[in-house]
Amino acid sequence: MTYRIHFVALLLASALCHQSANAQTIGMSAERRAIDAYQVPAQDADAADIVVIGSLSGDAATGGEVLAAFEAYANSPDNFLDVTFIPYPNPDRSELAFPPPEPAYSANWASWSLWQWLRTHAPDTVIIVGDDAYGLREALAAGFPESGSVPTLQLDFTNEVVDAITGPRAIATSPAHAALIERGARSAGDVAQGLASVYGQQLDALTYIPGMALIGRLRLGHVAEVEAIVAPQLDALDTMEITNSLQIAGHLLFAELAERTQNPRYLAIAQRAADLGWDAGGNMLDAMPFHGDYSDAFFMHTPLLAKVGKLTGDTRYFDMALRHVNYLHDRLLRDDGLYNHWPKTEAAWGRGNAFVALGLALALSDIPETHAAHARLLDLFRAHIGALLQHQGTDGMWHNIIDMPGSWAELSATAMIATAIQRGVDRGWLDSFYQFVADSAWTGVVSRTTDDHGFIDVCESTPGQDSFEVYLNRRALTGRDDRAGGMMLMLATERME
């Protein structure tokens, strides 16, 4: 193992001296061994994308052949293809399966890592060096449900690989790659309108999940349609018992409706939830109720307090927002600038950090600069976005464990963080450099948003977990998802604005 690491380091050093080759981690094995890839960008911007994969059984010698091909290609004047080399796709030498079995990813980390990376990057050709003991060629020929197939070659030696990738220019675009290009070319408006035709169509229970999708529709101008959806619920909402933070966050919908329509009934519903920050004697609580010491509570409560404060002109809601944020910050901030999901476990869960970023961004939008809460929240926002920047992947994505690149790229967290960054750039809270960061994230998530308005790799619902391992092994969902639908709709409308 030590020899292999030194060998890889020497090859990378040699290759990087000559071309703009770059290394990235695309996944990991069950034993947490990284699955690394080395990319050599093409000389031509519109070149075909090729992936070269080492032995799927984990044969070390075949991995060496792929590394040797990488060095030769990185130093070749004829690198007219965009080629990514994955020398050791199975570092544990475990049993693989393609397509992999559910649940993703914990049922088979190596299989899921490779399969979903190929699915979301959609090369034009995959070259397998050595054995294909687990049927990857057959699975790629059958194709991915949302995109289609990828042609494959099976070769044995370095010289065969180099001959196959050196010099060719006219390699056909694979069906999967063509579909990926088409998905990525959609405008924010097209994506938003498509999502709005599926998400935000009902309000069976007032939580943030349908609430964010309905707010997204409001941002598209569907005010009358949203009012028609909420109208049957108004009598019940006037007196409903609020028992959790998800419900409090759902009341942001009515604050947004109040802002757009000036209807006092909507504001009364929103204000009723915001008033939970004070006890029966009118004393401000240390933090909003039902926060659970979760990082989620940055989002579940703070934007509502800020919006109600703006609409009522009552600055005590800004005071409560500041107290609430300080309470959570003191319990959850890590030394690296990220946030734990809750104090019981050291884990920078992806959506947990996204809740912080988006919650602060939405609250800052409504708290006036003249109030002390604005400066404090802005400092925290900038610091957190700076910490998150260190962990954005080369494909624009943030991962389900933010600081663990071998964990899978997670869509909902990326959409939420990108929304926060886009708003930060637009409002002047962040340097213009961050527009590139937001654009990269948009490219990542829109390519993972399918034509039927489903998504690739969204983390399942996650209450506080008692170990890092449980956070790491949360299931990744693919298909339509109300949570991701609302957050993607927010991002798309943010980019439209």
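Is Gln262 buried or exposed? Gln262 counts as exposed, at 62% relative accessibility; the views below place this residue and others in the predicted model.

Because this is a predicted model, local features need pLDDT of at least 70 and side-chain atom pairs count only at pLDDT 80 or more, while totals for chains, interfaces and linings use all residues. Residues are numbered from 1 along each chain as its sequence is written, and side-chain values use heavy atoms, with hydrogens and water left out.

**Figure 1. The whole chain.** The chain has 22 helices and eight strands. Helices (H or I, at least four residues) and strands (E, at least two) are DSSP runs, numbered from the N terminus. The C-alpha trace spans about 80 × 45 × 40 Å along its principal axes. A compact globule of 497 residues would have a radius of gyration near 23 Å, and the chain agrees with its 24 Å. That radius is taken over C-alpha atoms, and the globule rule is 2.2 Å times the number of residues to the power 0.38. Of the 497 residues, 60% count as buried. Buried means under 20% relative accessible area, exposed over 50%, and partly exposed in between (1.4 Å probe, protein chains only). Take contacts between residues at least 6 apart in sequence: 73% of them join residues at least 24 apart. Contact means heavy atoms within 4.5 Å.

Figure 2. The accessible surface of the chain comes to about 18,600 Å². Carbon and sulfur atoms hold 50% of that surface. Areas come from the Shrake-Rupley method with a 1.4 Å probe; for residues, only the protein chains shown count as cover. The chain carries 32 positive and 61 negative charges, and their mean positions are 6 Å apart. Lys and Arg count as positive, Asp and Glu as negative; His and the chain ends are not counted. Each charge is placed at NZ of Lys, CZ of Arg, CG of Asp or CD of Glu.

**Figure 3. The nonpolar cores.** The largest nonpolar core has 110 residues. Such a core is a set of buried Ala, Val, Leu, Ile, Met, Phe, Trp, Tyr and Cys residues joined through side-chain atoms within 4.5 Å. Leu253, Phe254, Phe299, Phe381, Ile421 and Met488 have the most contacts inside this core. Helix α17 (residues 350-364) supplies the largest share of this core, ten residues. A second, separate core has 25 residues, including Leu114, Leu118, Val126 and Tyr134. In soluble globular proteins, nonpolar side chains tend to be buried together.

**Figure 4. Close-up of Met488.** Neighbours within four places in sequence are left aside here. Met488 is then in contact with Val191, Leu195, Leu411, Ala415, Trp442, Val445, Thr449 and Phe455.

**Figure 5. Helix α7.** Seven of the nine residues of α7 (residues 188-196) are buried, so the helix is largely enclosed by the rest of the structure. The buried ones are Ala188, Gly189, Val191, Ala192, Gly194, Leu195 and Ala196. They pack against α8 (208-219), α20 (434-446), β7 (455-459) and α22 (482-496).

**Figure 6. Leu362 in helix α17.** Leu362 sits in α17. Leu362 counts as buried, at 9% relative accessibility. Beyond neighbours within four places in sequence, Leu362 is in contact with Phe299, Pro303 and Arg423. Ser245 is 117 residues from Leu362 in sequence, and 17 Å away in space, C-alpha to C-alpha.

**Figure 7. His453 in the loop between α20 and β7.** His453 lies in this loop. At 18% relative accessibility, His453 counts as buried. Not counting residues up to four places away in sequence, His453 touches Gly194, Leu195, Ser197, Val198, Tyr199 and Arg480. His453 and Tyr199 are 254 residues apart along the chain, and their C-alpha atoms are separated by 9.0 Å.

Figure 8. Pro103 is in the loop between β4 (82-86) and α3 (109-121). A cis bond joins Glu102 and Pro103, with omega about 0 degrees. Tyr105 lies in the loop between β4 and α3. The bond from Ala104 to Tyr105 is cis, with omega near 0 degrees.

Figure 9. Ala122 is not a glycine, yet its phi is positive, about 45 degrees. Ala122 is in the loop between α3 and β5 (125-129). Its relative accessible area is 1%, so Ala122 is buried. Gln262 has a positive phi near 65 degrees, and is also a residue other than glycine. Gln262 is found in the loop between α12 (252-261) and α13 (264-274).
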